[in-house]
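Good morning, and thank you for coming.

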Amino acid sequence: MNGEDKTIFEQGLSRLKKPVLPLVNMVQFLYLTGPFETIEDVLKRLTKSVTLEGVLYEKPQQMLSPYAAFLKEFEVIKGKKKLSANLPFIVNEKDEPVAKRQALELWIKQQILSQELETVNSMFCGPCGCVLCCTGPNSEFDAASGFKGKMRHEFFEIPLADREVDLFALPRIDTDESRIKTAQSDPPLQLDDDPFYKHEMALYHWKNGWSLILPGGSVCPGLSVDTKKCMVYADRPQVCRKPQIFAYILEKTADTAKHSDGTLIPVYMARNKVLAVWDCPYVRKFQDEIGAFAEMGGLEPVFKKSKT
Ligand code: SF4
Ligand code: SF4
């Protein structure tokens, strides 16, 4: 890492060096083994710095405060709170159900880590000056990402919620044919005897909702070509807010399970990993730091290619 990297990524790197999960583990331990009625009682006691895994946390209480609502879920264990209706059914990698307390712990940590990584990723993405997530395959901007190798996709898809469609002034394809397919259907939707992705960039209404299709060489209309910045940043689609370092403590499966009241709930598989997408330049640059971040939280770091 050179001096410039150290400066522009300082904020993100300092967050990677102090993951929140060791603090969460400490709070969980104190709550379960101590005379505390509520999580707030534990948090109130954390007024001094603590050293965990060789790392000094100067202000543990302050650092944990954005996650207090998630931590409160631990109160279920002492009967101070009802089990959240959002808690999914969780199985291990052998497809066996995990015990309720462990399921609760995994669920809480997945949510805390997701929130933490959303912040961490935004600290890295901006200074990178890369727009890989905003362009179709093999666009002129790929060189800026530092990614070497040929993209093998024909197009990239940016799924959109209904309210996000109006962000883009583009042609809309909303036909009986598009509505019975998805962007991944094989054979693909045909337009004028060609696959849809051979046409210009457009908004498509599929069986599973709307998406913006970026064919090869295209650039999202939300991206300013001059500044390389998103012009709809404050309103950008949810999918554009998703990080390239993911919490992968749990993975959603396609299965559902029956709740005691008869409702169907999603099934998640325990993975206990942090997943980082290799295409992203800051993931490649800070592989060691991301690995150490994951391991401090007791998780396995996994690096995988996604867009290529
Ligand atoms: S909306 Fe903004 S963040 Fe999302 S792909 Fe377009 S330019 Fe990128
Ligand atoms: S690949 Fe990484 S750095 Fe590039 S735009 Fe996506 S999140 Fe940002």
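Let us start with helix 10, residues 287–296, in which Ile290, Gly291, Phe293, Ala294 and Met296 are buried. Buried means under 20% relative accessible area, exposed means over 50%, and partly exposed lies in between, with a 1.4 Å probe and protein chains only. Helices (H or I, at least four residues) and strands (E, at least two) are DSSP runs, numbered from the N terminus. After helix 10 comes Gly298, with a positive phi near 80°.

Before I go further, a word on conventions. This is a predicted model, in which local features need pLDDT of at least 70 and side-chain atom pairs count only at pLDDT 80 or more, while totals for chains, interfaces and linings use all residues. Residues are numbered from 1 along each chain as its sequence is written, chains are lettered from A and ligands numbered from 1 in the order in which they are written, and side-chain values use heavy atoms, with hydrogens and water left out.

Now the chain as a whole. Ten helices and twelve strands are found in the chain. Its C-alpha atoms fill a box of roughly 70 × 60 × 35 Å along the principal axes. Of the 308 residues, 45% are buried. Among contacts with a separation of 6 or more, 65% are between residues 24 or more positions apart; contact here means heavy atoms within 4.5 Å.

Two residue pairs illustrate such separations. Phe286 lies in the loop between helix 9 and helix 10. Phe286 counts as buried because its relative accessibility is 1%. Phe286 and Phe9 are 277 residues apart in sequence, yet 10.0 Å apart in space, C-alpha to C-alpha. With a relative accessible area of 7%, Phe156 is buried. From Phe156 to Leu212 there are 56 residues in sequence and 8.3 Å in space, again C-alpha to C-alpha.

What does the interior hold? The largest nonpolar core has 54 residues, and those with the most contacts inside it are Leu64, Leu71, Ile90 and Leu113. Helix 7, residues 100–128, gives the most to this core, with ten residues. Leaving aside residues up to four places away in sequence, Leu64 touches Val20, Leu23, Val24, Val27, Leu43, Leu46 and Leu71. Another core lies apart from it, with twelve residues, among them Leu160, Leu170, Met201 and Cys220.

Glu73 is in the loop between helix 6 (68–71) and strand 3 (89–91). Is Glu73 buried or exposed? Its relative accessibility is 15%, so Glu73 counts as buried. Glu73 touches Lys81, Ser84, Leu104 and Ile108, residues up to four places away in sequence not being counted.

Next, some details of the backbone. Asp186 and Pro187 are joined by a cis peptide bond, with omega about 0°. Pro187 belongs to the loop between strand 5 (172–173) and strand 6 (190–191). Glu53, although not a glycine, has a positive phi of about 50°. Glu53 is in the loop between strand 1 (50–52) and strand 2 (55–57), and is exposed, with a relative accessible area of 59%. Asn272, likewise not a glycine, has a positive phi of about 55°. Asn272 is in strand 11, residues 264–277, and is partly exposed at 31% relative accessible area.

Finally, the ligands. Which residues surround ligand 2? They are Cys125, Cys128, Cys130, Leu132, Cys133, Gln244, Cys280, Pro281 and Tyr282, where a residue is near a molecule if one of its heavy atoms lies within 4 Å of it. Helix 7 and helix 9 (281–285) are the elements that give two or more residues to this shell. By class, the shell around ligand 2 has eight nonpolar residues, one polar and no charged. Ala, Val, Leu, Ile, Met, Phe, Trp, Tyr, Cys and Pro count as nonpolar, Asp, Glu, Lys and Arg as charged, and the others, Gly among them, as polar.

Ligand 1 is surrounded by Cys133, Cys134, Ile158, Phe168, Cys220, Gly222, Leu223, Cys230, Val232, Pro237 and Cys240. Its shell has ten nonpolar residues, one polar and no charged. Thank you for your attention.

Notes. Core = buried A, V, L, I, M, F, W, Y, C linked by side-chain atoms within 4.5 Å.
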